[in-house]
Each structure stands twice: as C-alpha cells, then as structure tokens.
Amino acid sequence: MKVINYKQIEDCLEGTNIRDLLLDEPVTKEFVEKLGKLGKLILNETMEKPFFKIIVRSKYTIKGSIGNNSIRVMLPDNAEFEMMQEIINFINEEEKS
C-alpha cells in the first residue's frame with residue numbers, strides 16, 4: 001500500500017488541520033491492522049462498510065472505511081508537516097516477513 005497523494009480538507013467540522021490521503025489500492029483489514037500498531041484501534045465490522053479509527057494519543061487520529069481508496073488524518077492545529085510525513089512513511093514502508 002502506498003500514499004499517492006494527499007490534500008488539505010477545508011471547512012471540516014472535525015478540525016482545521018485535516019488531510020485526506022489517497023492510496024494506490026483499497027483499504028483492507030490487514031492494512032487497518034498495520035495502522036493499528038500506531039495506537040488504539042477501533043474497528044466496527046458490523047456495518048455494511050466496516051469503519052475504523054486509530055487514535056494516537058496527543059498526536060493524531062486516522063479514520064476511514066475498509067474498501068475505500070482514502071483515509072482521513074486529523075492532526076493537532078499546531079502540527080508540523082513532519083508529523084504528516086511520519087504517517088506517510090509508515091504507510092509506504094513495506095512489511096518485513
């Protein structure tokens with residue numbers, strides 16, 4: 001899984017430093033479990049489109065749905081781009097067997 005683009009989200013009710021990351025393939029449960037290593041994973045598989053949220057305390061929240069080609073990252077208002085780059089690097093990193 002690779003991040004191929006990202007964009008700042010304007011006028012979002014959830015905050016002012018929100019970005020959507022566009023992925024090169026749809027989100028899978030395995031990908032969500034990989035992201036879950038970053039913090040607390042909340043996964044609701046009972047919905048028609050399974051929803052997840054990963055909370056990394058005092059840093060950021062990542063959320064999305066399995067099957068979508070994007071995820072949403074909610075950063076603190078004062079977060080530097082380096083924090084966003086950490087997330088992108090983690091996603092782009094190949095799993096080692």
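Where is the place of S58? The notes below reach S58 in point 5.

1. **Ground rules.** This is a predicted model: local features need pLDDT of at least 70, side-chain atom pairs count only at pLDDT 80 or more, and totals for chains, interfaces and linings use all residues. Residues are numbered from 1 along each chain as its sequence is written, and side-chain values use heavy atoms, leaving out hydrogens and water.

2. **The sheet.** Strands of a sheet pair through backbone hydrogen bonds, either parallel or antiparallel. Here 6 strands form an open sheet, in the order β1-β2-β6-β5-β4-β3, and the pairing is antiparallel. β1 and β3 are the edge strands, each pairing on one side only. From one strand to the next, the twist averages 20°. β5 and β6 pair over 3 bridges. K63 stands opposite R72 in β6. Two strands pair if DSSP finds at least two bridges between them. Strands (E, at least two residues) and helices (H or I, at least four) are DSSP runs, numbered from the N terminus.

3. **The helices.** α1 lies across β2, β3, β4, β5 and β6, and runs at about 15° to β4. α2 lies across β1, β2, β5 and β6, at about 25° to β2. Axes are lines fitted to C-alpha atoms, for helices over the stretch in contact (heavy atoms within 4.5 Å). Angles run from 0 to 180 degrees between N-to-C directions. In α1 (residues 29-36), F31, V32, K34, L35 and G36 are buried. Buried means under 20% relative accessible area, exposed over 50%, and partly exposed in between (1.4 Å probe, protein chains only). The buried residues of α1 pack against several elements, including β2 (18-23), β4 (51-56) and α2.

4. **Rings.** The whole structure holds 1 aromatic pair (ring centres of Phe, Tyr or Trp, its six-membered ring, within 6.5 Å; planes under 30 degrees apart are stacked, over 60 edge-to-face, the rest tilted). The ring centres of Y6 and F81 are 5.8 Å apart and their planes are at 35°, so the pair is tilted. Y6 is in β1 (residues 3-9) and F81 in α2 (residues 81-92), 75 residues apart. Y6 is partly exposed at 36%; F81 is partly exposed at 35%. Separately, K34 lies over the face of F90, 5.4 Å from the ring centre. The cut-offs are NZ of Lys or CZ of Arg within 6 Å of the ring centre and within 35 degrees of the ring normal.

5. **S58.** S58 is in the loop between β4 and β5. Most residues other than glycine have a negative phi. S58 is not a glycine, yet has a positive phi of about 65°. S58 is exposed, with a relative accessible area of 71%.
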